Amino acid sequence: MFKKVLVANRGEIAVRIIRTLKEMGIKSVAIYSTADKDSLHVRLADEAVAVGGPRSKDSYLNMKNVLSAALLLGAEAIHPGYGFLAENELFVEMAEAVGLKWIGPNPKVIELMGNKANARESMRKAGVPVIPGSDGFIMSTAEAEEVAKRIGFPLLIKAAAGGGGKGMRFVYNADELDSKFADAQNEARASFGDDHMYIEKVMTHVRHIEMQVIRDQQGNVVYFPERNCSLQRNNQKVLEESPALGVTQAMRENLGDIAKKAVDAIDYENTGTLEFLQDHEGNFYFMEMNTRIQVEHPVTEMVTGLDLIKMQIEVAAGLPLAVAQKDVVVQGYSMEVRLNAEAPERNFAPSAGTIDFAFLPTGGPGIRIDSGIYPGAKISPFYDSMIAKLLVHADTRELVLTKMTRVLDELVIHGVDTNADFQHELLCDPSVMRGEFDTRYLEKEFLPRWQKTSPLAELGGGDGFIQ
């Protein structure tokens, strides 16, 4: 087993990884930017080293500095968390070249699945059902028109190297195709340095269902209960739950078989998440695979009682999985709400500042809060606006909703705006309470109603956090 691991991240995920390392008796090394020198993950780690200025490109994305920190302090492995360098195959190659173990899949797999068009093709060849669309890359409007003739409208143009909703455009008719393809390709080129595109048929009234898997170096595979991540804004998840209403045990096993087939086909190692769209007939269609731990992994931990970070570290150290598929049992229901430092009433404008007071209601069974905040903590404008993840677990989904609304009622944050009230209203929405929503529900139905009743909705929005 490793003796020392560097955590190449910040905020709540760095805190969460460091806690598991402590429980495993492994020394932890934190990295931080000058803006994060007083952050909780820095205080909790056994050792910490500054890797650059406040902007991500100068610190958390500075590959040379991160690797130098690991070597300087004698780390044997790197856990990337999610975001930043977690899915950067070049960084993984560099880490392995200097003798560091990467807690995640190999760089070739990261590169394969990071290119959405290549991932789609590899899954199709493995017998995994994929969304109807283009075969391979689309580089021109003329090629896009040919695909549109075959699959029809509406369709979705996506950047092959994309993520986070960038380089993505919905096209509802032929008149829009030319301009939206150009817009998406230009954004992809600017965001990722790659203008390869692909096209998928827009499937309406579908749910976003994902399944997390883990595969060890011996080829053993375990899949976990599915998560419903359909409530989204700007293609970003707002809250997640597990198990998904309407997914039977037989459907879960079928999806698990698909997931196993997928990871075996690409000789995957460590944990990953396959994301699917589910139609009204219960059919699942592959969208993409995330080759890292997910933001919403605690939902799965709450509903199974397993520590996924610990499992990641054990697999990276060469140990076989300590659990078999029969040991992964769905226990009740769990839900995660993402708490962001933002003002929903002002078009979700991010809110930076200092936390003057924070009460995080952790009392009572089945409640977990993953966070890096404390009174006096500074919320920087340089990073993602998520400051905490609120999680609850209960025997039924109805109890989960009741418990989560109670947590949101008790939560108090002074110093920055948060989306807590917005999340509370979302949970109290009748369709959300019944579990009757799809991937477009929040933006197309809930949000317009909410904006009409919000007294500050007319104030407009902000420019967003610096990435």
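A pocket is here an open set of points on a 1 Å grid over the protein atoms alone, with protein on both sides within 12 Å along at least five of seven lines. In this predicted model, the second largest pocket has a volume of about 270 Å³. A search of the whole structure also finds two cavities of 30 Å³ or more.

**Second largest pocket**

- The lining of the second largest pocket is made up of 16 residues.
- Ile-413, Asp-417, Thr-418, Ala-420 and Asp-421 are the lining residues that lie nearest the centre of this pocket.
- At least two lining residues come from each of β18 (342–343), α12 (397–410), β25 (412–414) and α13 (420–427).
- The element that gives the most to this lining is α13, which supplies three residues.
- By class, the lining of the second largest pocket comprises eight nonpolar, two polar and six charged residues.

**Largest cavity**

- The largest cavity holds about 40 Å³ of space.
- Its lining includes His-79, Pro-80, Gly-81 and Ala-86, together with Ile-103, Gly-104 and Pro-105.
- Thr-271, Thr-291, Arg-292, Ile-293 and Gln-312 also line the largest cavity.
- Five nonpolar, six polar and one charged residues form the lining of the largest cavity.

**Second largest cavity**

- The second largest cavity contains about 30 Å³ of space.
- Ala-117, Arg-120, Glu-121, Arg-124, Ser-134, Asp-135 and Gly-136 line the second largest cavity.
- The lining of the second largest cavity divides into one nonpolar, two polar and four charged residues.

- Arg-16 is part of helix α1, which spans residues 11–23.
- Arg-16 counts as buried because its relative accessibility is 8%, and the term buried applies under 20%.
- A polar contact of 2.6 Å joins the side chain of Arg-16 to the side chain of Thr-20.
- Leaving aside residues up to four places away in sequence, Arg-16 touches His-297, Glu-301, Asp-307, Leu-308, Ile-309, Arg-368 and Asp-370.

How values were computed
Residues numbered from 1 in each chain as written. Predicted model: local features only at pLDDT ≥ 70, side-chain atom pairs only at ≥ 80, totals over all residues. Heavy atoms only, no water. 1 Å grid on protein atoms, 1.4 Å probe; cavity = no way out; pocket = protein on both sides within 12 Å on 5 of 7 lines; lining within 4 Å. Points joined across faces, edges and corners; volume = space filled by probe spheres on them. Helix = DSSP H or I, 4+ residues; strand = E, 2+ residues; numbered from the N terminus. Nonpolar A, V, L, I, M, F, W, Y, C, P; charged D, E, K, R; others polar. Buried < 20%, exposed > 50% of the residue type's maximum accessible area, 1.4 Å probe, protein only. Polar contact = N/O pair within 3.5 Å; in protein donor to acceptor, adjacent residues only side chain to side chain. Contact = heavy atoms within 4.5 Å.
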